[in-house]
Amino acid sequence: MKKNALLICFIFAVSGLFHTVNAQVNTSSPRPTSRVIEDGGTGLYKAIALQESSLPTHTVFRPDNLTPFNSNNKLPIIAWGNGACANSPWEHVNFLSEVASHGFLVVAIGPMPLEGEKGSGRSTSSQMTDAINWAIAQNSDKTSPLYNKIDITKIAVSGMSCGGLQTLETAPDKRVTTAVIYNSGIIGTPGGGMPGMPALTKDQLEKLHTPTLYVLGGEKDIAYGNGMDDFKRINHVPVFVANMDVGHGGTYGQPHGGEFAKVATAWYLWQLKGDKEAGKMFTGNPPGLAKDANWTVEKKNMP
């Protein structure tokens, strides 16, 4: 476990340095405040990425056309934390845009990256709470295009790698209704993480109060051991773990976020929108996802 923790720390540190060294900022002209990622996603609602003036510290992914959303069809909230505790979602834009296109308001830590731009800086778990607070405020702000279009009773916290630890640190928030941890798990060794990482112990898992999903990259994923250990320790809430043999990097950068986006979207549709058809991927014996040869799964406290 100690060797594994040190290796995770090294990867996070190198990744963070990579982000900083490769930061590209175009200061010669005003930065655009919105962009379409790929083709806007495959969902019913083509998505757009936005830099909101009221939340310049984050990137908002949401359906471009908000007309379909009203008191009977609201946007659940998904707060997102990035790998390497990065203050930019640049590695995850395909994935996040795809999820948003299925009718979600995704609020990711870090300013909106431009095409090909690799953001820099480090983030904190408190920025995930900032994302939730902002979204809730937008729903009651009559001047906001999101006024009365957000389901503030359905909130997911989610993140990859270090962002997964930020998710676990934020998940005890009573407003949260589901947590999704990608390529991550609590290291469990005091001081075992790099500076800036949430210094969590396994006791944190006892604070989970919602259905929880772990999506891991198989045994090649440096977080595999920690994530699977988390799963084994969680016995008081519904928990599902899905492994695909792709390593720590997942499929986020693939077109429309690849297979990880398909699984994630199904979970959000089920947990945040009550879509029972989507929930079949995780329910039953065996669950639907188990029939896909790309994935191996386990679950506890679930139908």
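This is a predicted model: local features need pLDDT of at least 70, side-chain atom pairs count only at pLDDT 80 or more; totals for chains, interfaces and linings use all residues.
Because E115 lies in the loop between strand 5 and helix 3 while R35 belongs to strand 1, the pair ties together parts that are 80 residues apart in sequence.

## Other salt bridges

Nine salt bridges are found in the whole structure, and among them is the contact of R175 with D173, where the closest N and O atoms are 2.8 Å apart; R175 itself is partly exposed, with a relative accessible area of 30%. The side chains of K280 and E277 also meet in a salt bridge, at 3.2 Å from N to O, and here K280 is partly exposed at 48%, while E277 is exposed at 55%.

Strand 8, which covers residues 212-216, has five of its five residues buried, so the rest of the structure largely encloses it. In a regular strand the side chains alternate between the two faces of the sheet. Here T212, Y214 and L216 are buried on one side, and L213 and V215 are buried on the other.

Strand 8 pairs in the parallel sense with strand 7 over four bridges, and five bridges join strand 8 to strand 9, again in parallel. V215 takes part in both pairings, as the bridge partner of Y182 and opposite A242 in strand 9. Together with helix 5, strands 8 and 9 make a right-handed β-α-β unit.

Terms used. Residues are numbered from 1 along each chain as its sequence is written. Side-chain values use heavy atoms; hydrogens and water are left out. Buried means under 20% relative accessible area, exposed over 50%, partly exposed in between (1.4 Å probe, protein chains only). Helices (H or I, at least four residues) and strands (E, at least two) are DSSP runs, numbered from the N terminus. Two strands pair if DSSP finds at least two bridges between them. A crossover is right-handed if, with the strands pointing away from the viewer, the path from the first strand over the helix to the second runs clockwise. A salt bridge is a side-chain nitrogen of Lys or Arg within 4 Å of a carboxyl oxygen of Asp or Glu.
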